[in-house]
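The following report is written for a reader who is meeting protein structure for the first time. Please keep the sequence and the model in view while reading.

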Amino acid sequence: MTDTALRADQTSHAQPAHPLDPATAAEYLAGREIMAAAGLLAGPTRFAYYGLEEPPKDDVLAGGPGTAERRLRAFLINLDTGASTDVVVSVSDQRVVSTRTLTTRTDGQLPIVDSDFAAVDEIVKADPDWRAAMARRGLDDVSKIVTCPITAGAFGPPDDDRRRMVRVLAFVQANEHDLAWAHPVDGIAAYVDLIAKKVFKITDEWELPVPRESGDYDDEAVRGPHRTTLRPIEITQPEGPSFTLDGHLLRWQDWSLRIGFDAREGLTLHQISLHRGGRERPVIYRASIPEMVIPYGDPKFRYWQAYFDAGEYLVGKWANSLERGCDCLGEIAYLDATVTDDTGQPRTIPNAICVHEEDFGILWKHTDIFNGSAQSRRQRRLVVSYFTTVGNYDYGFYWYFYLDGTIEHEVKATGVLFTSAHPGGDHKYSTEVAPGLAAVTHQHLFSARLDMTVDGLANAVEEVDVTGRPIGPDNPYGNAIEQEVTRLTRESHAGRRADGAKGRTWRIISTEHQNRFGRPVSYTLYPESAPVLLADPASPVAARAGFAANHLWVTRYDPAERYPAGDFVNQHPGGAGIPAFIAADRDIDGADIVLWHTFGPTHVPRPEDWPVMPVARCGFTLKPTGFFDRNPTLDVPPPPPAPHCS
Ligand SMILES: [Cu+2]
């Protein structure tokens with residue numbers, strides 16, 4: 001149980017070894033200097049985003065000279081004027097490549113910056129009307145109140161007039177250890193202009209008692225004494241793990257992939273390939289979860305509550321430092337992540353990315369009734385993961401790679417419910433989770449961007465339904481089960497919903513390579529078929545979260561199309577991202593295509609989710625389908641030292 005020798009600090013060279021390696025601290029500093037020299041950082045200018053601008057796919061695949069150039073992208077905001085600029089610099093060529101000034105009214109606002117949080121607390125607590133409203137509720141001591149700034153969305157006049165703003169809710173935190181989420185001050189929100197640095201509106205709609213019961217789950221008085229009946233479980237790999245990490249290149253069994261990390265997207269995986277018989281077979285060029293929206297379903301007062309955690313808050317920036325034994329068990333290799341603070345100074349998050357191997361039960365097993373052979377093999381998976389905390393929630397993002405070619409993505413949602421005061425009686429929009437404390441029904445809708453390369457760039461998507469057929473001349477006993485295969489040929493027809501009743505899946509086929517049966521090699525996407533966005537299609541949130549209207553979209557690859565809700569999500573009026581991407585209705589049959597998959601739970605909170613929520617899982621699976629000619633794991637040996645398994 002020692003840290004393996006694969007610690008990745010050794011990989012933080014100033015000069016990255018590969019064009020897709022994450023930006024280094026030295027590169028962030030160099031890029032910052034270029035921006036400063038160009039006069040882009042004058043006054044109180046802050047970095048709302050700063051990250052690697054990846055080279056175009058064609059260049060990377062061709063290994064062309066363009067890949068030697070390293071570019072960074074920054075979103076710069078002047079905190080006094082609100083001037084917002086999208087800048088690309090070339091660190092290797094020492095120049096500003098492009099600058100674009102946003103028209104925030106139509107383009108959207110840049111993400112929330114770190115300093116907004118502290119500023120908002122001061123601004124709200126200094127506002128006399130807000131203080132008076134708190135005093136009326138018996139809350140005279142504002143040092144016992146915490147403020148919670150929430151992105152504003154875009155609701156149009158008279159609700160907002162397109163200024164850069166947040167809406168601020170309040171919670172009581174009676175002492176340092178108290179869990180503030182247990183004590184919402186309901187009915188009141190302060191609307192803060194982040195540029196004018198003042199409260200410009202207060203909505204004070206009702207007063208409900210502040211729920212009193214403690215939610216401090218680490219207080220023995222709340223949780224009771226720790227149970228003493230759990231005996232240790234230890235995972236040992238006496239010969240070390242079976243993977244190797246060379247810089248950011250990870251190899252395990254037939255798999256190879258590159259690990260990236262971005263302040264906005266979090267973990268990114270690149271060039272995921274399988275190697276068999278001396279051949280490299282690409283599967284996915286790039287995989288990430290570039291957006292998520294969490295819309296809440298109470299039509300009163302907090303109708304505006306919906307966060308886009310990647311585009312508005314940058315999920316990667318809030319990544320946790322993981323601890324062996326607590327967060328990950330066994331032989332772990334960690335990679336650090338480098339992001340920046342809002343002045344563009346690099347900040348290293350130690351042990352942000354966890355790589356390890358897990359036993360995963362039975363891979364295959366059979367006791368043959370005719371030849372008497374009894375065989376059993378163990379499944380294993382390679383796990384690449386990170387955890388992040390965005391406000392009240394914590395999310396773990398896990399990518400799994402299996403011996404049989406399966407890829408899975410799993411999100412583990414945990415943390416603390418967002419709370420309000422329960423109005424009493426049967427309230428159809430929320431659950432009472434503690435006396436007088438409510439948690440509103442909401443959704444967590446993630447968007448996976450899967451830039452597929454199944455045996456090359458020429459791919460297409462087939463929708464596969466499995467249906468029973470009525471009794472008829474060809475089906476006299478009614479037992480027929482038929483596959484209905486529909487090719488998705490254009491972007492306008494590729495916005496699709498899952499259908500659990502039809503076992504609907506989507507097959508990503510190569511239009512160039514066949515298996516030994518002469519059929520296209522493919523991978524199949526298995527969705528979970530949970531609800532898509534439940535907000536009315538005419539609602540402001542639906543306009544901004546166009547990606548969440550369907551489980552699947554397929555677009556033709558364009559390096560500029562990276563974010564499913566658009567580049568500038570904060571306060572965007574709507575229509576950006578997927579709806580804009582598919583407007584050209586490009587041909588997606590036999591092309592270089594990207595899949596966008598919406599998944600995630602519709603969360604009706606349970607009392608058991610309070611005061612801290614046991615992990616809720618969601619995700620999707622990609623399985624090889626005729627990608628191999630037969631079960632690719634026949635060569636997996638029986639597990640020693642248990643000869644009776646063979
Ligand atoms: Cu939830």
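## Strands, a copper site and a loop

Strand 28 and strand 32 (residues 613–625) run antiparallel and are joined by five bridges. Strands here are DSSP runs of E with at least two residues, numbered from the N terminus, and two strands pair if DSSP finds at least two bridges between them. The model is predicted, so local features need pLDDT of at least 70 and side-chain atom pairs count only at pLDDT 80 or more, while totals for chains, interfaces and linings use all residues. Residues are numbered from 1 along each chain as its sequence is written, and side-chain values use heavy atoms, with hydrogens and water left out.

Strand 28 spans residues 520–526, and five of its seven residues are buried; buried means under 20% relative accessible area, exposed over 50%, and partly exposed in between (1.4 Å probe, protein chains only). Strand 28 also pairs with strand 27 (residues 505–514) in the antiparallel sense, over five bridges. Five residues lie between the strands of this hairpin, where G518 takes a positive phi near 80°.

A further set of three strands forms an open sheet with antiparallel pairing, in the order 20-22-21. Its edge strands, strand 20 (419–421) and strand 21 (430–434), each pair on one side only. Direction ignored, neighbouring strands of this sheet are turned by 45° against each other on average; the axes behind such angles are lines fitted to C-alpha atoms, and angles run from 0 to 180 degrees between N-to-C directions. Strand 21 is joined to strand 22 (residues 437–440) by four bridges.

Individual bridge partners are listed below.

| Residue | Bridge partner | Strand of the partner |
|---|---|---|
| I508 | Y523 | strand 28 |
| T524 | K623 | strand 32 |
| E432 | A438 | strand 22 |

The model also holds a copper ion, whose protein donors are Y393 (OH), H442 (NE2), H444 (NE2) and H603 (ND1), lying 2.0 Å from it. Donors are N, O and S atoms within 2.8 Å of the metal (3.2 Å for Na, K and Ca); water is not among the atoms, so sites may look incomplete. In sequence, the donor residues follow the spacing Y-x48-H-x1-H-x158-H. Both H442 and H444 are buried.

Finally, A174 belongs to the loop between strand 6 (165–172) and strand 7 (184–193). This residue, A174, counts as partly exposed because its relative accessibility is 40%. Between A174 and V146 there are 28 residues of separation in sequence, and their C-alpha atoms are 9.7 Å apart in space.
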